[in-house]
Amino acid sequence: MSKFTTIVLAADRASGDAVAAAAGVACKCLTPVAGTPMVIRVLDALNASDQIGECILCGPPWSIVENNDILSARLEAPDVRWAANQSTPSTSTLTVLNALPETDPVLVTTADHALLRPEMVNHFCAAARETECDLVAAVATHETIMAAYPGMRRTVTRLRDGAFCGCNLFAFMTPKARAAADFWRRVESQRKKPWRVVGALGPLVILRYLLGLLTLGEALSRMSQCLDMSVGAVMMPFAEAAVDVDTVSDWKFVEDIASGRFTASGPFPS
C-alpha cells in the first residue's frame with residue numbers, strides 16, 4: 001500500500017494571531033509546547049508513523065521559515081518540504097493537492113495539532129483505508145473527550161446518535177476526493193458554527209438537525225450525495241485527537257497536558 005503524503009497547514013489564518021502574540025513568536029505554529037514548537041511536535045509524530053511518507057509543510061511564509069533555525073533545519077530532511085500557503089486553509093490544501101500525483105493517498109492536518117501522536121496517525125490512516133471511501137474525516141465523541149478532560153471546551157456537533165467533535169485529520173483517498181476542497185472553501189468560515197456547516201447540505205438536512213433527528217450516518221450520506229463521492233468518518237478513541245490550539249487558553253491547556261501538569265480532577269484552565 002502507498003504511504004500517505006501529508007499536508008501540514010502551518011500558516012496563521014490572519015495577521016496578529018493571539019496565540020503567537022502571547023508566545024512571542026512570529027507565527028502560531030512556532031508556539032512552544034513542553035519546550036518544542038507545535039509544528040515540530042506534529043512533524044515528529046508524522047515521522048514516527050509507519051503510514052506516512054513525504055510531509056509537505058504548507059506555510060508559514062518563507063520569510064518566517066528562513067529566520068527560524070529549528071524549522072529551517074527540519075526542512076533539510078529528505079522527506080519534508082515547504083510549499084507556499086494561500087489565502088485560506090482550503091485554497092492552500094487544494095493548491096498542494098493539485099500538484100501531487102492523483103494516485104497518492106493524502107492526509108491533511110494542522111500545525112496546531114500539538115498533542116498528535118504516532119498511534120493516532122496510524123489508527124486514523126489504517127481505518128481510513130478500511131472505509132474504502134473517497135474522503136474520510138476523523139471525529140471523536142464528546143463523551144470520550146469529557147471522560148478524559150472534564151470541562152474542556154470544544155466545538156460540538158450534536159446529532160441524534162451522539163455529540164461529535166472534529167479532530168483535524170482528513171484523508172483524501174482517491175482523485176475524486178480532491179473536489180471536496182471546494183465544499184471546504186464554502187464552509188470554512190463557519191467552522192465554529194456546526195448548524196451552518198450542516199445547513200450547506202440543504203434545507204431538509206438542517207431541519208432534521210435542528211429537530212434533533214439527524215444522525216451521523218445520514219449526514220455522511222447526504223454529504224456523499226452533495227459531493228458526488230463517498231464520505232466516511234473514523235471514530236478516534238483518543239481524546240487528545242480533538243485538541244488543537246485556537247486560543248491562548250487552549251495553549252495553556254495543551255502545555256499542561258504535554259508537561260504532565262494536568263489531572264482530570266483538576267480545574268480546567270481559564
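These legends accompany a set of close-up views of a predicted model.

**Figure 1. The whole protein in outline.**
Of its 270 residues, 51% are buried. The accessible surface comes to about 12,100 Å², and carbon and sulfur atoms account for 54% of that area.

In one of them, Arg154 pairs with Asp244, and the closest N and O atoms are 2.8 Å apart. Asp244 sits in the loop between E10 and H12, while Arg154 belongs to the loop between H7 and E8, so this pair ties together parts that are 90 residues apart in sequence. Arg154 also meets Asp250 in a salt bridge, again with an N to O distance of 2.8 Å. Asp250 is in helix H12, so this second pair ties the loop between H7 and E8 to a part of the chain 96 residues away in sequence. Are these side chains buried or exposed? Both Asp244 and Arg154 are buried. Arg154 has a relative accessible area of 17% and counts as buried because the cut-off is under 20%. Asp250 is buried as well, with a relative accessible area of 8%.

**Figure 2. Arg117 and Glu240 in a salt-bridge network.**
Which residues are linked in a network with Arg117? The network of salt bridges is made up of Arg117, Glu119 and Glu240. Within it, the side chains of Arg117 and Glu240 meet at 3.6 Å, N to O. This pair links distant parts of the chain: Arg117 is in the loop between strand E6 (106-110) and helix H6 (118-131), and Glu240 is in the loop between E10 and H12, 123 residues apart. For context, a search of the whole structure finds seven salt bridges.

**Figure 3. An aromatic pair between Tyr149 and Phe253.**
The structure holds two aromatic pairs, and this view shows one of them, formed by Tyr149 and Phe253. How are the rings arranged, edge-to-face or stacked? They are edge-to-face, with 5.4 Å from centre to centre and 90 degrees between the planes. Tyr149 lies in the loop between helix H7 (142-148) and strand E8 (157-159), and Phe253 lies in helix H12 (residues 248-258), so the pair ties together parts that are 104 residues apart in sequence. Both partners are covered by the protein: Tyr149 counts as buried at 8% relative accessibility, and Phe253 is buried with a relative accessible area of 1%.

**Figure 4. Met235 and its contacts from elsewhere in the chain.**
Met235 is part of strand E10 (residues 231-235). Which residues does Met235 contact, leaving aside its neighbours within four places in sequence? They are His123, Val139, Ala140, Thr141, Phe164 and Leu216. The C-alpha atoms of Met235 and Phe124 are separated by 8.3 Å, although these residues are 111 places apart along the chain. At 37% relative accessibility, Met235 counts as partly exposed.

**Figure 5. A nonpolar patch on the surface.**
Leu204, Leu207, Leu211 and Leu213 make a nonpolar surface patch of about 390 Å². Leu204 is found in helix H10 (residues 203-210). With a relative accessible area of 60%, Leu204 is exposed, because the cut-off for that class is over 50%.

**Figure 6. Cysteines without a disulfide.**
A disulfide is a covalent bond between the sulfur atoms of two cysteines. How many disulfides are counted here? The count comes to zero. Cys165 is in no disulfide, and the nearest cysteine sulfur, that of Cys167, is 7.5 Å away. Cys165 counts as buried at 1% relative accessibility. Cys58 is buried too, also at 1% relative accessibility.

Definitions and conventions:
Residues numbered from 1 in each chain as written. Predicted model: local features only at pLDDT ≥ 70, side-chain atom pairs only at ≥ 80, totals over all residues. Heavy atoms only, no water. Patch = residues over 30% accessible without salt bridge, like charges linked within 9 Å, V, L, I, M, F, W, Y side chains within 5 Å. Areas by Shrake-Rupley, 256 points an atom, 1.4 Å probe, with all protein chains shown as cover. Salt bridge = Lys/Arg side-chain N within 4 Å of Asp/Glu carboxyl O. Helix = DSSP H or I, 4+ residues; strand = E, 2+ residues; numbered from the N terminus. Buried < 20%, exposed > 50% of the residue type's maximum accessible area, 1.4 Å probe, protein only. Disulfide = S-S within 2.5 Å. Contact = heavy atoms within 4.5 Å. Phe/Tyr/Trp six-rings, centres within 6.5 Å; stacked < 30°, edge-to-face > 60°.
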